[in-house]
Amino acid sequence: MSARTRTRAEARSGAGRIAHFSWLGPLALVFYAFLYFPIVVLIAYSFNDSRFAMIWQGFSLKWYATVLENGDIQTASLNSLVVATTATAISVSIATVAALALARGGAFRGKTLSMGLIALPIVVPEIVTAVATLMFFSAIGLSLGLGNLIIAHTVFCIPFAFMPIRARLQGMDETLEQAAADLYASRWEAFRLVTLPLLAPGIFAGAVLAFVISLDDFIISLMISDAGTTTLPVYIFSMIRRGVTPEVNAVSTILFSVSLILVSIYWMASRRKKDEA
Amino acid sequence: MNGVTAMDARRRWLALTPAYLVIGVFMVIPLMIMVAISFMEQNVYGGVFRVFSTDAYTQFLFQRDFDGNLVFNPAYLIILGRSVLLAGAATLICVTVGFPVAWFIVRQPPRVRNILVFLITIPFWTNLLVRAYAWVIILGRGGVIDSPFRALGLLEPDGTLGLLYTNTAILIGLTYTYLPLMVLPIYASLEKLDFRLVEAASDLYADKWWTMRQVVLPLAAPGVIAGAILVFVPALGDFISPNLLGGAKRLTLGSLVQFQFATARNWPFGAAVAVILLVFVMASLALYVRLTRKAARAGEP
């Protein structure tokens with residue numbers, strides 16, 4: 001073994017910084033550059049004066065003005081917001097009671113199966129869910145406009161809302177609830193006054209996650225939506241198909257900013273959760 | 001479980017009913033309908049005839065010649081092969097880059113670590129479509145990649161490296177999209193690692209490559225396996241990267257399914273391809289479960 005032939009000095013220099021490789025830093029730098037390069041390019045070109053997205057001609061805010069004046073974008077954004085808000089509200093409610101049952105329900109037959117069922121929307125490829133839902137809606141003749149989208153979004157939001165809520169429940173101290181029960185609090189009072197306030201950061205994190213996932217969803221929305229129920233990502237896709245213009249960059253930058261703000265809020269909420277625990 | 005806060009069986013099932021109902025009715029039943037439709041006959045005017053038929057699966061492997069005989073047709077197998085190869089290559093690149101990066105992050109002080117992890121999650125939560133579109137601008141004719149080559153005179157003034165609409169472009173898109181899904185689970189498993197083991201190896205004069213291979217890698221195996229599955233499964237069914245970066249000619253399973261529903265309007269065939277895709281995904285997941293059990297057993301003394 002080559003290690004045995006090494007000198008003591010070599011070993012000592014290695015022991016201070018265990019398993020250190022000098023190329024790790026540069027590699028990490030390249031990694032982060034790769035991660036952010038497309039995003040920087042996207043944002044930079046949204047301020048491009050040229051009509052052609054790929055030629056830089058000078059700084060301009062005119063594409064943001066175009067986006068703000070575009071009625072179709074406004075309608076699509078409104079659709080996205082309505083769908084995301086409704087799907088978030090429904091999926092968070094469903095996920096909260098399901099998480100309570102699974103975290104506080106003890107061991108029972110069918111627990112693994114329940115977890116699997118809740119994870120199903122994450123496991124199945126999105127394109128498969130999309131066409132399956134499309135065929136299902138068509139087979140039962142369901143056409144509720146935005147309602148169809150809300151149903152489809154609620155389904156895949158449930159596991160995303162479920163995860164942070166369950167994680168929070170697992171980290172929570174059950175003795176507080178027991179103490180409330182010892183002090184003659186009814187089951188409902190114990191839940192409302194003790195469990196729910198403690199669980200709130202988890203529910204909030206789940207809601208933000210579900211909202212971002214719904215707002216960003218493209219493939220399922222593309223298959224389910226029709227002319228009147230276009231969401232923002234679906235509209236962006238139709239813009240890209242018509243040609244690459246800085247207007248696409250501008251609306252993409254706006255969508256990116258919204259996601260960034262929401263993810264930052266989620267991050268802070270989950271950080272606080274860790275600090276308290 | 002104590003009796004005070006534990007739910008009784010009736011309440012438990014009542015609380016689980018909404019989740020069961022929504023996912024059961026709007027996910028499980030649609031998947032069953034999809035399987036059923038894949039065994040029906042296509043109605044060329046849209047929709048299906050409710051007659052049992054294996055035509056859709058036959059079409060995946062054979063086509064009829066002028067005499068009506070079945071002739072082997074590799075076109076769809078090539079699409080399947082392309083999807084598996086691209087998803088596999090993306091997974092391999094992600095592991096190769098993701099593991100050292102995760103190792104780098106885990107060795108930083110906690111505050112820096114948190115920031116570095118947060119920086120990885122940001123692109124991950126931004127719109128998939130927008131991220132793939134950014135690569136269209138970068139790789140496209142006269143885009144960010146072409147420009148410096150043109151300026152240096154290495155390309156004609158209107159020349160292009162021709163990167164967009166190639167398999168390479170799809171691979172870049174897939175790698176870019178799913179790289180965070182590799183780094184995060186590997187980081188999570190490295191974070192739990194007992195660093196005294198690494199120090200011990202180092203104290204016993206183990207060379208650092210030996211330490212990585214014999215000590216760190218086996219202990220991080222669950223994270224690597226989870227990362228591989230989190231990259232491979234969605235990459236296999238991805239539709240956005242092939243559609244935007246691969247162009248019309250380079251179909252993958254995901255874009256083939258979408259094409260059958262949006263353009264060709266052959267539902268049974270589209271459903272059959274979706275079922276094939278689903279079978280591949282389930283097979284990968286079954287493999288994942290076996291591998292993690294094995295890794296867990298290997299980790300025991």
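Start by selecting B:R265, which sits in the loop between α11 (253-264) and α12 of chain B; helices here are DSSP runs of H or I with at least four residues, strands are runs of E with at least two, and both are numbered from the N terminus. You are looking at a predicted model, where local features need pLDDT of at least 70, side-chain atom pairs count only at pLDDT 80 or more, and totals for chains, interfaces and linings use all residues. Residues are numbered from 1 along each chain as its sequence is written, chains are lettered from A and ligands numbered from 1 in the order in which they are written, and side-chain values use heavy atoms, with hydrogens and water left out.

Stay on B:R265 and check its backbone: phi is positive, about 55 degrees, although the residue is not a glycine. B:R265 is partly exposed, with a relative accessible area of 48% (buried is under 20%, exposed over 50%, partly exposed in between, using a 1.4 Å probe and protein chains only).

Next, pick B:Y165, in the loop between α6 (146-151) and α7 (167-191) of chain B. Here, too, a non-glycine residue has a positive phi, near 65 degrees. B:Y165 counts as partly exposed at 44% relative accessibility.

Now colour the spans that UniProt, in an unreviewed entry, lists as "transmembrane region" in chain B: 20-40, 75-103, 115-138, 164-187, 215-236 and 267-289. Those positions follow the numbering used here, feature names are shortened, and annotations may be inferred rather than shown by experiment. Zoom in on residues 115-138 of chain B: the span is 92% helix and 0% strand, with its end C-alpha atoms 27 Å apart. Residues 164-187 of chain B are 88% helix and 0% strand, and there the end C-alpha atoms lie 32 Å apart.

Time for the rings. Phe, Tyr and Trp (its six-membered ring) pair if their centres lie within 6.5 Å; planes under 30 degrees apart are stacked, over 60 edge-to-face, and the rest tilted. That gives 21 aromatic pairs over all chains. Show A:F47 and A:F59: their ring centres are 5.3 Å apart and their planes at 15 degrees, so this pair is stacked. Both residues lie in the loop between α2 (24-46) and α3 (62-69) of chain A, so the pair ties together parts 12 residues apart in sequence. A:F47 is partly exposed at 21% relative accessibility, while A:F59 is exposed at 60%.

Then jump to B:F60 and B:F269, a tilted pair at 6.5 Å centre to centre and 45 degrees between the planes. B:F60 belongs to helix α2 (residues 55-61) and B:F269 to helix α12 (residues 267-299) of chain B, so this contact ties together parts 209 residues apart in sequence. Both B:F60 and B:F269 are buried.

Last stop: select A:F34, B:W135 and B:Y176, which form one aromatic cluster.
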